[in-house]
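Here is a short report on one protein chain. It follows a helix, the sheet beside it, and a few backbone details.

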Amino acid sequence: MHHDLELGYVGIEVPDPDALTPFFGDVIGLVPGEPPVDDGVVTWRNDDKAHRVIVQPGGANDAVFVGLEAVDSAAFDRTVARLRTAGHEVGDATPHESTARRVARLAHTTAPWGVRIEIVEAIASASAPFTSKLMPGGFLTDGVGFGHVVFATTAFDESHAFLVDGLGFTQSDWLEMHIADGIELEVRFYHCNPRHHTIALARAPFDLPQRLHHMMFETNRRDDVGAAFDRAWDTDLAIPMGLGLHDNDRMFSFYVASPAGFLVEVGHGARTITEPWTDNRLYDTTSVWGHKPLRAPA
């Protein structure tokens, strides 16, 4: 398998980063990351890396950067060269940026959907192993990155080319379905390692308030999904998709809305990519069962 990249981290910008602390810590079951370099930043992790979610102060109320970690120095060089060959401008990080991200090397470009993409090498380890009383089984991250992210964009075709030609991703499969009168849903799923999808793109009919639809964390134990669902249910947070089983990646999961508006999926048991991958096909439904809306925003 062509395996150069893994999802390293996501950067979220909100007016008050501390406002997401009860959500990430008490509901999702993440633990604080290493102390940030910059004032006002709050970080979270779901494994032994220094950080996986970086929350910084600002007005975007959205994802503003995504870090893709190269598996080694050669993979970093290949990815940067591929981006430049595909016609994308790639810049080098300042020493402060590399220090803040806790990486050995960092190059950056901008995706057509408007989010900065950081290609990084060697994210530092945390000072202590991951342990969470709320997630006793831990999360599945080894060799596949911290999870996945899904973005909605009007620049759908350009974003597809950016992922495939620029970053070297491969399409896993795609979804097309009718969701309301005059509204069709199209989502394409892309892999760069054994995880079924590291990034997915939804075709947006117009510019939406947030580009980030959701991020996903996969647990090692099925019961930890149920416990997280109970914690979400005990809050007043919206639960737009209750427990269910996705059709394409076979993930057992639910979705809860963060206080910032983007969703977080907590799941278990997704199938993995094998080579040769011969199942790049159309799906016409999101789920085999479940994933029904349970609670609207308060």
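Axes are lines fitted to C-alpha atoms, for helices over the stretch in contact, and angles run from 0 to 180 degrees between N-to-C directions. Helices (H or I, at least four residues) and strands (E, at least two) are DSSP runs, numbered from the N terminus. This is a predicted model, where local features need pLDDT of at least 70, side-chain atom pairs count only at pLDDT 80 or more, and totals for chains, interfaces and linings use all residues. Residues are numbered from 1 along each chain as its sequence is written, and side-chain values use heavy atoms, with hydrogens and water left out.

Start with α1, which spans residues 21–28. Its buried residues are Phe23, Phe24, Gly25, Val27 and Ile28. Buried means under 20% relative accessible area, exposed over 50%, and partly exposed in between (1.4 Å probe, protein chains only). These buried residues pack against strands β3 (42–45), β4 (53–57), β13 (212–219), β15 (252–257) and β16 (263–268), and against helix α5 (222–233). Contact here means heavy atoms within 4.5 Å. Just after the helix, Gly29 takes a positive phi of about 95 degrees.

How do the axes of α1 and α5 cross? They come within 9 Å and cross at roughly 135 degrees. That makes α1 oblique to α5. Angles under 35 degrees count as roughly parallel, over 145 as roughly antiparallel, 65 to 115 as roughly perpendicular and the rest as oblique. On the α1 side, Asp26, Val27 and Ile28 make the contact; on the α5 side, Ala228, Arg231 and Ala232 do. The residues of this contact divide into four nonpolar, no polar and two charged. In this scheme Ala, Val, Leu, Ile, Met, Phe, Trp, Tyr, Cys and Pro count as nonpolar, Asp, Glu, Lys and Arg as charged, and the others, Gly among them, as polar.

**The open sheet**

Eight strands form an open sheet with mixed pairing, in the order β2-β3-β4-β1-β5-β8-β7-β6. Two strands pair if DSSP finds at least two bridges between them. The edge strands, β2 (31–32) and β6 (91–92), each pair on one side only. β2 and β3 run antiparallel and are joined by two bridges. Pro32 has Trp44 of β3 as its bridge partner. Helix α1 packs on this sheet, touching β3 and β4, and its direction makes about 15 degrees with that of β3.

**A buried tyrosine**

Tyr190 lies in β11 (residues 183–191). Is Tyr190 buried or exposed? It is buried, with a relative accessible area of 0%. Its side chain makes a polar contact with the side chain of His160 at 2.7 Å. A polar contact is a pair of N or O atoms within 3.5 Å; within protein, one must be able to donate a hydrogen and the other to accept it, and residues adjacent in sequence count only if both atoms are side-chain atoms. Tyr190 and Leu134 are 56 residues apart in sequence and 30 Å apart in space, C-alpha to C-alpha.

**Backbone details**

| Residue | Phi | Relative accessibility |
|---|---|---|
| Ala122 | near 60 degrees | 39%, partly exposed |
| His291 | about 60 degrees | 6%, buried |

Ala122 sits in the loop between β8 (116–121) and β9 (148–153). His291 belongs to the segment after β18 (287–290). The peptide bond from Glu275 to Pro276 is cis, with omega near 0 degrees. Pro276 is in the loop between β16 and β17 (282–283).
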